[in-house]
Structure formats: structure tokens, C-alpha cells
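Colleague: I have some questions about the labels on this structure. Can we go through them?

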Amino acid sequence: MRNKNSINFTEGKILSPLLMFSVPIFAALFLQAMYGAVDLMVVGKFGDAAGVSGVGTGSSVMMLVTTIINGFAVGTTVLIGRRIGENSPEKAGRAIGAAIFLFAVLSVALTVLMIIFAEPLAALMKAPEEAFDDTVTYVRICSAGIIFITAYNVIGGIFRGLGNSTLPMIFVAIACGVNIIADLLFIAVFKMGVAGAALATILAQAVSVVLSLVIIRKQNLPFKFSLKDIGIHKEELSIIIKIGTPIALQDGLTHLSFLIVNAITNDFGLAESAGYGVAQRVTGFIFLVPSAVMSGITAFVAQNYGAGKLDRARKGMFTGIFAGSVGGFVLFLLGFFFAAPLSSIFANDPSVIEQSALYLRGFSSDCLLTCALFSFLGYFSGCGETTYAMVQGITASFLFRVPLSWLLANLENATLTHIGLAAPLATVYGIIFSIVSYIIIVKKQNKLMKN
């Protein structure tokens, strides 16, 4: 029996169910970006440029962990979507148990590694001397809460696979509210600075996970699950790992490329380092539309792929490209023409605002391209063809984004605007690669259908 908030993508219209599913994802991503951005915002209002740089660089490092976790969460979403499409509630329960086991092991390993290597990571990031200790502090404290980051992503991945994007939105709304209150309390009242920002983040995630488990117990769920299902289920684990590993590698290495770009900007100076950190928060909001569309397409394609409706899955992808690009155009206009006002939300220092705006003006054209790219990636993930997404992400990052950033940064009189241009140039390549990959996948699928 399907939960009333779950959506069956295998029948009826395409655009309206996609929008119904993607809007709560957008809202959840917005709230998630908000509770991450609040750290930077409050530190920017009540601290100095060193604190802004420390939170900006430290949160960029922590995002590397989140992207790895998200990759395997996509594998969970796809597997559960398939089981629901196949109408196999028992297998869906085993898939959830396998995911819980996998993520428990992953969270312990990442926590230990991040706490141990926080200082070397800050050094690799070329954190400015004035912000070095703040960066290390932020990373170590946030790393203690990786188990909560993991739990949230497991829960979100499960419900998106069921076609329910509303509950994950509620969970992150809880985290956002707690984080805002805790940030103001720890930073503005108790004057804890960067450490307060990190502690507020952990507290928010912990409260969100606990309350989400309480809410889940009251749901009528379309699968059979018990504690006995948690364990090593080879078939389910292999599918999650097979689908999730390329996504985790792609997202992790793509984010690593942005960390390298961050290190390049850190070499420019403290104002540029802080400005890039602010710009990354703004671009985090800009990317919400394509990210929501990608999650919607992944779930849509997974259900239809499981039901054997390949033509409908492809139509869903093209519908996502069209709908997402409309929103992307609006975001381009905001990023280009309102770069300074958007940056001023997160900082008071005029030099930091100026540097952030410079980067955004170079980067903003990427909004026009990313929705198309992310729609292809959502289709690849939904079909389980995540190797194509991985190769695209790695090659776009390390053959285009990083080298171009370095070359543009070394131009005479280079500014952050030049560095910002590397992102859209890399996305152009990504779209070309994805079109070729899509043609190959469709031919392979058609061949299998004939046999």
C-alpha cells in the first residue's frame, strides 16, 4: 500500500508529478543550504574576515564528505525505486536494511579520517594563516556529527525512492530552524565564533534525525521492514555499491576540484579567500533548481525503469531539461546582475563582498547550462548507468575546471571573475559528453529489448 504522500511515476502525466515531487526537494535543498549558510552568515555579521574564511574553507571540506554520502544515497534511492516499481515490498525492506548497514560502516570510517586529517586538509586547502586554526576547528567539530549527516541522507534516500519528497523536506526544515536558533545563541550571545557555528550544525542535524525517526514510526509505509533486515544482504549491497560508487566518486572528485579552486583563490589573499567562501554559499542556492530536477528525474526514471517503461523514462528526462532551464535562466539573471546584494547577505566587509561578486559574475552563466547537464545525470542514475556520470564528472573537473581555473588565475591582472568562468566552460564539455553517452545507452537498451 502506497503512502498518500508518495507519487507513482509510472502512470499518467509527466510534468505535473515531476514538479510535485521536485518542489519539496527544492524546498528541502533550500533549507539545507540555509542551515549551512547560516553559519557563514552569522559569523560574517558578528565576526571578522578570518572567521568567514575559516567557515567557508571548513564547510567546503565538509561538503566533500556530504557528496560521498549522497552518492551512496542515490544508489539507495534507485534500488528502492526499482523495488517499488517491481511491486516487491519484501525486497524493498531488505534494501533498506542493507543501506543502513552500509552507511553505519561508512559514517564511522569518515568520522575517524576527518578528525585525524583535519589539519593536513586545512594545509592542502592553503587556508590563510589568519584563518588556519578556525578552519581546523570547524572541520573537527563538524566531523563529530558525520553520523547525523549520514542518517539524514539514508532517510532522505529511502523516501525519495518511495516517491515521497515531502518528509525529507520536513526533516531538513527542522534542522534549519534548530541551526538558526543555535547559531544566534552560540555566536551572537555566547561569542563562541567558528566553534559555535560548528556545534550549532551538529546539534541541528542530531535533532532533525531524532525527530524524523519519531515521524517515520507514524507513517503507513509501502514496504516490509524489521530490525532483522539490517545486515549484509549481498544482492542489495552490490546494487547500492555498484550504482552509488560511481556517483560518490563523481561527486566527491567534482567537489575536490572545487576545493582545488578554493586553494587557488586562497593564494590571492584573505579577502579573496573569504569572498570565494561567500560566493560558494550563493552558488549553493543557485544550484538548487538543477539539483532538485536531477533528484526528481532519478526517482522518475528508476520507477519507470523498474516497470520496463523506457520510453516514458526518456520523456521524463527531456521534460526535466525544459522545466529546469526556465528556472536556470532566472537564476542566471540574479547571479549576474545582483551579485553584490546577494553577497552582502553573508558578509559586512566591503572587500569580501566585492570579491564574491567578482566570482559570481564569471560563474553565473553556468546556471544556463547546468539544468541540461543535471537532467542527463539524473537519467543515467535512474537507469543504473552511473559509470557515465562518473566519467563525465571526473573528466570535466580535472581536464577542464581545474586546469582552466589555474590558467585563468595566472593571467595578468586576473580576478575571481576569470576563475569563475572555468565552471561554465567545463559544463559545456559535460553536456557534449552526456549527449554522446545518452545515445550509447539508448542503443544498448533498444538492443536488449529486441533480445
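**Labels and their cut-offs**

Colleague: What share of the contacts joins residues at least 24 apart?
Modeller: Take contacts in the protein chain between residues at least 6 apart in sequence: 84% of them join residues at least 24 apart. Contact means heavy atoms within 4.5 Å. This is a predicted model: local features need pLDDT of at least 70, side-chain atom pairs need pLDDT 80 or more, and totals for chains, interfaces and linings use all residues. Residues are numbered from 1 along each chain as its sequence is written, and side-chain values use heavy atoms, without hydrogens and water.

Colleague: Why does A122 count as buried?
Modeller: Buried means under 20% relative accessible area, exposed over 50%, partly exposed in between (1.4 Å probe, protein chains only). A122 has 1%, so it counts as buried. Leaving out residues up to four places away in sequence, A122 touches A127, F132, T135 and V136.

Colleague: How much of the protein chain is buried?
Modeller: Buried residues are 59% of the 451.

Colleague: What makes a set of residues a nonpolar core?
Modeller: The members are buried Ala, Val, Leu, Ile, Met, Phe, Trp, Tyr and Cys residues, joined through side-chain atoms within 4.5 Å. The largest such core here has 124 residues. M62, Y379 and F380 have the most contacts inside it. Beyond its neighbours within four places in sequence, Y379 is in contact with residues including I297, M317 and Y438.
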